[in-house]
Amino acid sequence: MIDEIKSKIDTLTTELKEHNYRYYILAEPVISDREFDKMLKELEVLEKQYPEFAHPDSPTRVVGGAVTNNFVNKKHIRPMLSLANTYTEQELRDFDERVKKLAGTKIQYVCELKFDGFAIGLTYKKGKLVQALTRGDGISGDDVTENVKTIRTIPHQLIGNFPDEFEIRGEIFMHRKAFERMNEERIKNGEDPFANPRNSAAGTIKMKESSEVAKRPLDCFLYHFIGDENLFETHYQSLNAAKSWGLKVNDAARICNSIDEVWKFIKQWDKDRKNLSFETDGVVIKVNSLQLQHEIGYTAKNPRWAIAFKFETERVETKLISVDFQVGRTGAITPVANLEPVLILGTSVKRASLHNQDIIDQLDVRVGDTVFVEKGGEIIPKIVGVNISKRPLGTENLKFPENCPECNSLLLKNEDEAAHYCPNEDNCPPQIKGKLIHFVSRKAMNIDSIGDETIDLLWENELVKDFSDFYSLQFEDICGLSKKNFNEINGKEKNISLREKSAQNIIAGIVKSKNSTFRNVLFGLGIRYVGETVSKKLASYFNNIDNLAKASTDDLLKVDEIGERIAESVVKWFKNPQNLIIIEKLKKAGLNFESNENSQNALSGKLMGKSFVVSGVFTNFSRDGIKETIEKNGGKNIGSISSKTDFVLAGQNMGPAKLEKAKELGIKIISENDFIEMINE
Ligand SMILES: [Zn+2]
């Protein structure tokens, strides 16, 4: 019996640590917060009864999370604690009772929305943002100041009557729409989409390159002032003051004079939260009086004067019927679970992503199992656990296939990536069809008369095998083509056939697409990591496809914002003889492989032949804006300083290393004003 308890404590400790790691470091949790809290409570109870078995670094004593390596680790001036969670009205009323007992008086609370993001502590000195630290393990966190400075809603300079020095804590997050847009963009560029806005905010803020962070649409709400304790009497006053200094504070915060009012606030927002532009997963309730907060104090892990109420995420049980392994456009294999249809948040769900092998192993999910399915902030519902008690006899571990389900190639897996992929990019049908769909898409060749169904039709009739085949299609080849199409959603078959009018439109669309610019054609080629922006940069730097095809990795790295991953991918693409044949065919068809943008859109030729390295922050331009102005005046942007650089355009907060290098090489450093004079001369 005693042995069993010890081993139960050991198991719970190890598992909770693993989940902590997945949540904070990998940002890939495999269980819900509620499940986590349940396990934590179980461990707490056992440790209380058998303290001799408790681990010194038990998750019940240490706040989850460790620290990633790339950033300087710094100590928090005060530990960054997380809040205890509650899920029911009763638990909330228990909290109120505890607080009243400790304070010995009637309590006024402040209710605020709980943001589903990434905690951050900002330090301001004399009104200037000087430091941003992540939560880390609660005691010390990573210094991510440079990355945080790229978030537009976080002021670098405060206004009004601010104190000399203070810290303010808050949450970095991503709006739903921005998140969806970013994922669409990632899929288009052949990158894996993020699972949810919270994880993508967490992943973004820890990126190495601040310029990459700046491209991600992050936002931030602030909610906890730490500074001169005599400045305010209440928490609510500190929120209003922070607002007056230019800091972004969410407007939903309300004073509640009783726990009944708090409950009303919670119920109201549980209903209204779907109308918000961002995810909220609950409400935070804090004692308003700072004096009382002080008296009520802390446990080892949480403040006693505050609590989080978590909204219910709807979670249901259903049966796992089978698992399909789907091949995506980039060759990544996604396991998709087929479920017995079940209603979640009003929609019928019959499929859920299982992401990758790691997740399957972690969940130990098997065909025939009864599984828990949740739809939280995520777009795709996910399987969060298995009801082991309902597992039928004779189930087997779910095995990931070794070969591609479409073309039978041996699947590969990079060590640093979770996904398996099919390497047969030139001959694996879903990968080719995906490339064809991308080629005709709006931002590429913009042939809107060709949809996914037409591509299936052309593919199955072996009329189009790569995108150069579009340009040899004749009206007679396609008019009247037909095939049976199986509709996955309603399970019915329908007959598609191309009528005369559609066939005419298709041919006309193909002919018209020959006018597309070089940068659109380049984007259409679907080179991995070469998205819309990168295509534009490559097209204007190399001017034509022959220069680009000849470029070495080093040549490519000279282009503004082109990193190693993109450079290597481009070089690899042009090394493939099959691709060179396609280019030759497309050239013959008359597609545009030369850039003539400089002469068309130019404002002036004042900067013709001059190369610029842009660094720092500017007053009159955004970074992209100033780069665009350089290009429009005939100049070139390059990524890093070399002896060939003509000017370094230095804004505020330019990196000291860059400055030194420019001085060392004797390159002219100009200010924003010098630049404006240059183009207005
Ligand atoms: Zn394949």
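Helix H12 passes helix H13 in a right-handed crossing, and that is our way into this structure. A crossing is called right-handed if the near helix is turned clockwise from the far one by less than a right angle, and left-handed if anticlockwise. This is a predicted model, in which local features need pLDDT of at least 70 and side-chain atom pairs count only at pLDDT 80 or more, while totals for chains, interfaces and linings use all residues. Residues are numbered from 1 along each chain as its sequence is written. Helices (H or I, at least four residues) and strands (E, at least two) are DSSP runs, numbered from the N terminus.

**The helix pair H12 and H13**

- Helix H12 covers residues 429–440 and helix H13 covers residues 452–460; they pack with their axes 10 Å apart, at an angle of about 130°.
- Here, axes are lines fitted to C-alpha atoms, for helices over the stretch in contact, and angles run from 0 to 180 degrees between N-to-C directions.
- Why are H12 and H13 called oblique to each other? Angles under 35 degrees count as roughly parallel, over 145 as roughly antiparallel, 65 to 115 as roughly perpendicular and the rest as oblique, so the angle of about 130° makes H12 and H13 oblique.
- From H12, Lys 433, Leu 436 and Ile 437 meet Asp 452, Ile 455 and Trp 459 of H13. Two residues are in contact if their C-beta atoms, placed from the backbone, lie within 7 Å.

**The whole chain**

- The protein chain holds 25 helices and 24 strands.
- Its radius of gyration is 29 Å, close to the 26 Å that the globule rule gives for 681 residues, so the chain is as compact as a globular protein of that length. The radius is taken over C-alpha atoms, and the rule is 2.2 Å times the number of residues to the power 0.38.
- Along its principal axes, the C-alpha trace spans about 85 × 75 × 45 Å.
- Of the 681 residues, 31% are buried. A residue is buried if 20 or more other C-beta atoms (placed from the backbone) lie within 10 Å of its own, exposed if 12 or fewer, and partly exposed in between.
- Among contacts with a separation of 6 or more, 68% join residues 24 or more positions apart.

**A parallel sheet**

- Four strands form an open sheet in the order S22-S21-S23-S24, with parallel pairing. Two strands pair if DSSP finds at least two bridges between them.
- Which strands are at the edges? They are S22 (636–637) and S24 (668–670), each of which pairs on one side only.
- S21 (residues 611–615) and S23 (residues 647–650) are parallel and share 4 bridges. Phe 612 stands opposite Phe 647 in S23, and Val 614 has Leu 649 of S23 as its bridge partner.
- S23 also runs parallel to S24, joined to it by 3 bridges; Phe 647 has Lys 668 in S24 as its bridge partner.
- Both faces of S23 are covered, with Phe 647 and Leu 649 buried on one side and Val 648 and Ala 650 buried on the other.

**Helix H17 and its surroundings**

- Helix H17 (residues 532–542) has several buried residues, including Val 534, Leu 538 and Phe 542.
- What do the buried residues of H17 pack against? Their partners are helix H16 (518–524), helix H18 (545–550), helix H20 (564–575) and strand S22.

- Ile 582 lies in helix H21 (residues 577–589) and counts as partly exposed because it has 17 C-beta neighbours inside 10 Å.
- Ile 582 and Ser 468 are 114 residues apart along the chain, with their C-alpha atoms separated by 5.9 Å. Leaving aside neighbours within four places in sequence, Ile 582 is in contact with Asp 466, Phe 467 and Ser 468.
- Val 284 sits in strand S10 (residues 280–287) and is partly exposed, with 19 C-beta neighbours inside 10 Å.
- Beyond its neighbours within four places in sequence, Val 284 is in contact with Leu 83, Glu 112, Lys 114, Ala 306 and Ala 308.
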